[in-house]
Amino acid sequence: MSDKLNIPESWAETNLQVLIDVRDGTHDSPKLIDEGVMFVTSKNLKSGSLSFEKCSYISQADHDKIKQRSEVARGDIIMAMIGTIGNPVIVDTDNEFSIKNIALFKKNKQFEDLRYLKYFIDSPLFAEIVKNKKKGTTQKFLSLGVLRGLNFPVPAKKEQFRIVEKIESCFSKINKTEAALKKSEVLLSKYRESLLAKAFRGELIAQDPKDKPASELLKQIKEEQAKKVKKKKKDSPPSFEDNLPFNIPDSWCGLSFIELVYLRARIGWKGLKASEYTPEGPRFISVREFNPDGTISYGDSAHISQERYDESPEIMLKENDVLLCKDGSTIGKVVIVKDLIEQSTVNSSIAVMTPFSGVDANYLFYYLRAPIFQQLVQSRIKGAAIPHIFQKDLRALFIPLPPENEQKRIVAELDRCFTNINNLLETLKKLKALNSKQKESILNNAFQGKLVPQIPEEGTGHELLEQILQIKELEEIKKKAVKKKIIKKKVTKKKTANKKATKKSK
């Protein structure tokens, strides 16, 4: 037998179809309607559970046609046969639904509890067996014939139950660890948010009376601003003097972005298309290159021609520019330009901010990531189909300005705290990966006969398989006998009808 399994001598090995009635759902695409019978596809199978959220619906007539081939009942297993093949789920609902591109394993008298099969499908062993049996180019799928012919390890029935109990006992402990790790991640995320909230209320570090107040720094900034930016009447900043969004220390100033930051976005290239991207040239940064840690994946970006790059000098990126996504589903996402070695620019969904002298770029970057600022952004978002925030609204948003030296101390403290948080998160990530590997190891051992000992008194898989084959053979004989009786009755009935017809004709 091909793909021979590494199992104990007391175990048997056979095709799935010998033990289990394996079917599949429809491959057609019945008409979807607003209400009716739920129509389940692979997208409804997630992490071992069946979700009817965002489920499609089909008519009762279409459902009745599908269930003639594959009627799902409580205790059966369903599994994705296309895309991410696997994700087995033991059905625990009596809700009526139809399936598409999904395998159905029907429970029977010999296999009323299909957990052993479910864990086998979840195992790395199953993934290895089907790896080279998938078909398709754009999207891989597993055919029903291949699935039915897959090799399946068969221990004695009592050993199967012991294997399942051991798996679930081990997984229960691992799941508790995973829940604790997840809780730790949530707590670290909340801690990071609280640090940012404190930082921009002046509560993270103590104020130093020796620092020059922010009002002195603001005079210097306004001198630079007057030289660098041509001010328009409509750009007059709002006054936050009597209406601060949140409290700040007396030595700070509450200002609008236009007073501290040179803000701009792409105004040219209206006709730029993806077909104009070039194999090399200046980098064309989009929000897809924004990393969660605030860095930029320059190597993943597209390129544009030098001519296109030169069209908009105002958004040619410089070291320590801060970039904010102002359009679409990732609105509010922020990165800071570091380690810039190539000419780079941005697409139209990104606002570029260059802080004036005396405003620390890292301070600005941290502020833009803080929940305090993100809430301000959300309050200004417009548009239903594609959300966006206009430059005029960004210019008017509130920013607290501490003294220059205090900005640097805030950044240093946030750097220190965030480094510690990131180190802890990395440790949690490694522990989660270790947990995942432990589960894989447990399943590998389970289906190689190494998880629980074999007990001779329980019998062997060969004996169980022989019993199952004998039962199937008897059932087949009974079916043939019933079929023979039906045929005999039909023949007898036909002969009687013919005799009556003959007598009547005479």
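Leaving aside its neighbours within four places in sequence, Asn 87 is in contact (heavy atoms within 4.5 Å) with Leu 45, Ser 47, Ile 78 and Met 79. This residue of the predicted model belongs to strand 8, residues 86-90; strands (E, at least two residues) and helices (H or I, at least four) are DSSP runs numbered from the N terminus. Between Asn 87 and Leu 45 there are 6.2 Å in space, C-alpha to C-alpha, and 42 residues in sequence. With a relative accessible area of 28%, Asn 87 is partly exposed, a class that falls between buried (under 20%) and exposed (over 50%), with a 1.4 Å probe and protein chains only.

Asp 34, for its part, sits in the loop between strand 2 (21-24) and strand 3 (37-40). Its relative accessibility is 74%, so Asp 34 counts as exposed. Asp 34 and Ser 56 are separated by 22 residues in sequence and by 7.7 Å from C-alpha to C-alpha.

Residues are numbered from 1 along each chain as its sequence is written, and side-chain values use heavy atoms, with hydrogens and water left out. Because the model is predicted, local features need pLDDT of at least 70 and side-chain atom pairs count only at pLDDT 80 or more, while totals for chains, interfaces and linings use all residues.

For the chain as a whole, 14 helices and 20 strands are found. The radius of gyration, taken over C-alpha atoms, is 34 Å, well over the 23 Å that the globule rule (2.2 Å times the number of residues to the power 0.38) gives for 506 residues, so the protein chain is more spread out than a compact globule. Its C-alpha trace spans about 120 × 65 × 45 Å along the principal axes. Buried residues make up 44% of the 506. Among contacts with a separation of 6 or more, 77% come from residues 24 or more positions apart.

Turning to helix packing, two packed helices are described by the angle between their axes and the distance between the axes. Axes are lines fitted to C-alpha atoms, for helices over the stretch in contact, and angles run from 0 to 180 degrees between N-to-C directions. Helix 6 (residues 157-199) and helix 13 pack at about 170 degrees with axes 10 Å apart, and are therefore roughly antiparallel (over 145 degrees) to each other. Their contact has 23 nonpolar, six polar and five charged residues; Ala, Val, Leu, Ile, Met, Phe, Trp, Tyr, Cys and Pro count as nonpolar, Asp, Glu, Lys and Arg as charged, and the others, Gly among them, as polar.

Helix 10 (residues 361-369) meets helix 13 (residues 404-446) at an angle of about 60 degrees, with the axes 9 Å apart. On the helix 10 side the contact uses Asn 362, Tyr 363 and Tyr 366, and on the helix 13 side residues including Gln 407, Ile 410 and Phe 418. By class, these contact residues divide into six nonpolar, two polar and one charged.

Helix 10 also packs against helix 11 (residues 371-380) at about 60 degrees, with axes 5 Å apart. Buried residues of helix 11 are Pro 371, Ile 372, Phe 373, Gln 374, Leu 376 and Val 377, and their cover includes helix 6, helix 10 and strand 20 (398-401).

Note on methods. Parallel < 35°, antiparallel > 145°, perpendicular 65-115°, else oblique.
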